[in-house]
Amino acid sequence: DPRRATLDLASVLLSETPRDDDPQPRVRGFDRFQVPEVSVELVVGVLPDRTGVQYHDAGLGYVVGGLQADRVGYAFAAAYQSALRCLVPSLPDDRLVSLCITEEGGGHPRDIQSTLSPIDDGPSAGGWMLSGHKKWATLSCDGDMALVAASVGTDADGLNQLRVVHVGLDAAGVTVQRMPATSFAPEITHGQLSFENVRIAPDA
């Protein structure tokens, strides 16, 4: 019954590749109420079998969390953390991370006014001094670390040259102010951040 298939069943299209490298599509159907459990099984079982990628690699552990989420906001948060770890695999798995790009003027490279200035002397020589402000930093009110985009100057054509650095949200000079909740995912926090002469390690 097509109506029952639409309302009560979910289908997953998988691709099996036998030893002769001839892909064989296979559809697996299951009750829609089993979607979270079966989805987790696909990530931790079928995906490693087919690709060799383990669920704890490349942030897939957060995909499992998203599949088990009971609301859109938490699923988004899990996907957000997974995406950041795909971009920066060295991020620790046990810390919430926020990506800080947007400023008062927007998120385009030319709008980034936060600055990174080299520290030439003292115990922090070789590092950076971060100053500036960010808006709409997702999960920064609950997180431990931020990836912050800032300008290190302009090139010969006047184009903003950006660098992204790791910043602990408990570092001296960092202030996080909670922004109003959004209507589509009120459980996910967003912060407005200020960085006042925050010292950044050379390898951050």
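Predicted model: local features only at pLDDT ≥ 70, side-chain atom pairs only at ≥ 80, totals over all residues.
## Basis of the model

Residues are numbered from 1 along each chain as its sequence is written, and side-chain values use heavy atoms, with hydrogens and water left out. Local features need pLDDT of at least 70, side-chain atom pairs count only at pLDDT 80 or more, and totals for chains, interfaces and linings use all residues.

## Overall fold

The chain has 4 helices and 9 strands. Helices (H or I, at least four residues) and strands (E, at least two) are DSSP runs, numbered from the N terminus. Along the sequence the pattern reads α-β-β-α-α-α-β-β-β-β-β-β-β.

Of the 204 residues, 34% count as buried. Buried means under 20% relative accessible area, exposed over 50%, and partly exposed in between (1.4 Å probe, protein chains only). The chain exposes about 12,100 Å², and carbon and sulfur atoms supply 53% of that area. Accessible areas come from the Shrake-Rupley method with a 1.4 Å probe; for residues, only the protein chains shown count as cover. Take the contacts between residues at least 6 apart in sequence: 53% of them join residues at least 24 apart. A contact means heavy atoms within 4.5 Å.

In soluble globular proteins, nonpolar side chains tend to be buried together. Here the largest nonpolar core has 16 residues. Such a core is a set of buried Ala, Val, Leu, Ile, Met, Phe, Trp, Tyr and Cys residues joined through side-chain atoms within 4.5 Å. Those with the most contacts inside it are Leu116, Leu130, Val148, Val167, Phe195, Val198 and Ile200. Strands S5 (128-138), S6 (145-154), S7 (160-168) and S9 (190-200) each give two or more residues to this core. S9 gives the most, with 4 residues.

Leu116 touches Trp128, Met129, Leu130, Ala150, Ser151, Val152, Arg163, Val165 and Ile200, not counting residues up to four places away in sequence. A second, separate core has 11 residues, including Tyr80, Val88, Leu147 and Ala185.

## Helix H4

H4 covers residues 72-87, 16 residues in total. From its first C-alpha to its last it reaches 23 Å, close to the 22 Å expected at 1.5 Å a residue. The expected span is 1.5 Å times one less than the number of residues. The buried residues of H4 are Gly73, Ala77, Ala78, Tyr80, Gln81, Ser82, Leu84 and Arg85.

Ser140 sits in the loop between S5 and S6. Ser140 is buried, with a relative accessible area of 2%. Its side chain reaches the backbone nitrogen of Gly191 at 3.3 Å. Leaving aside neighbours within four places in sequence, Ser140 is in contact with Ser98, Leu169, Val176, Thr189, His190, Gly191 and Leu193.

His190 belongs to strand S9. His190 is also buried, at 9% relative accessible area. Its side chain makes a polar contact with the side chain of Thr138 (3.2 Å). A polar contact is a pair of N or O atoms within 3.5 Å; within protein, one must be able to donate a hydrogen and the other to accept it, and residues adjacent in sequence count only if both atoms are side-chain atoms. Beyond four places in sequence, the contacts of His190 include Trp136, Ser140, Cys141, Gln177 and Arg178.

## Cysteines

The structure holds 0 disulfides. A disulfide is counted when a pair of cysteine sulfur atoms lies within 2.5 Å. Cys100 is buried, with a relative accessible area of 0%. Cys141 is partly exposed at 24%.

Ala171 lies in the loop between S7 and S8 (174-178). Ala171 is partly exposed, at 27% relative accessible area.

Thr175 is in S8 and is partly exposed at 45%. Thr175 touches Gln192, Leu193 and Ser194, not counting residues up to four places away in sequence.

## Positive phi angles

Most residues other than glycine have a negative phi. Trp136, in strand S5, has a positive phi of about 55°. Trp136 is partly exposed, at 41% relative accessible area. Leu139 has a positive phi of about 70°. Leu139 lies in the loop between S5 and S6 and is buried at 6%.
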